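Good morning, and thank you for joining. I would ask you to look at the following model while I describe its fold and a few backbone details.

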Amino acid sequence: MKLIVIYGSPAVGKLTVARELSKITGYPVFHNHLTVDFLDSFYEGKGFWALAEKIRLDVIEAYAKSGKDGLIFTFVYSKPGDNDFVDDLKAVVEKNGGNVHFVRLFCDEKVLFERVTNESRKEFGKIKKVEVLKEDLAKDNIVSKIDGVSSLEIDTANIAASEVAEKVAKYFSL
């Protein structure tokens, strides 16, 4: 199995690109807000992110064991807080004979601030206000490349999501 991990800050276009890549590859999309919104619907308190990570890893491991070709996963990487999760992610895929391919999407903050209020962000419990995005960008390092992995890096500021998806598919021979 090929696991395509698309990561980057909120409003950079992860889900939009993942959906376009899914059209090309036929791989399903397991995006960040499937677990976040699921847990938000009933779970409060300590351990939220640990539980989200466990669910994500369990789902990805089950999928890797299924013998299917590939899966697209999106999330906001926070440095250094998500380093253990990335290591665990690679381990569950690789122990089941799969490969993990990382794609870092990025763009200028100005573009992020324009996009964060887009209507498409209302489908899930995503950040929808510039002020909240500014707080998150100031609080956590959520724009960095993941240390220790090779990532295809694409600036999404002036390129259509379909073109980004085509670049990803070509680069990883999907």
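Of the contacts in the protein chain with a separation of 6 or more, 72% are between residues 24 or more positions apart, where a contact means heavy atoms within 4.5 Å. The model is a predicted one: local features need pLDDT of at least 70, side-chain atom pairs count only at pLDDT 80 or more, and totals for chains, interfaces and linings use all residues. Residues are numbered from 1 along each chain as its sequence is written, and side-chain values use heavy atoms, with hydrogens and water left out.

The protein chain holds seven helices and five strands, these being DSSP runs numbered from the N terminus (helices H or I, at least four residues; strands E, at least two). Their order along the sequence is β-α-β-α-α-β-α-β-α-α-β-α. The radius of gyration is 15 Å, close to the 16 Å given by the globule rule for 174 residues, so the protein chain is as compact as a globular protein of that length. The radius is taken over C-alpha atoms, and the rule is 2.2 Å times the number of residues to the power 0.38. Buried residues account for 48% of the 174; buried means under 20% relative accessible area, exposed over 50%, and partly exposed in between, with a 1.4 Å probe and protein chains only.

Let me turn to one helix. Helix α3 covers residues 48-65, 18 residues in total, and reaches 26 Å from its first C-alpha to its last, close to the 26 Å expected at 1.5 Å a residue; that expected span is 1.5 Å times one less than the number of residues. Which residues of α3 are buried? They are F48, A52, R56, L57, I60, E61, Y63 and A64. An α-helix has 3.6 residues a turn, so residues three or four places apart point the same way. The buried residues of α3 pack against β1, β2, α2, β3 and α4. After α3 comes G67, with a positive phi near 85 degrees.

I close with the backbone. Most residues other than glycine have a negative phi, and most peptide bonds are trans. The bond from K79 to P80 is cis, with omega near 0 degrees, and P80 is in the loop between β3 and α4. A11, in the loop between β1 and α1, has a positive phi near 75 degrees. S173, in the segment after α7, has a positive phi of about 50 degrees.
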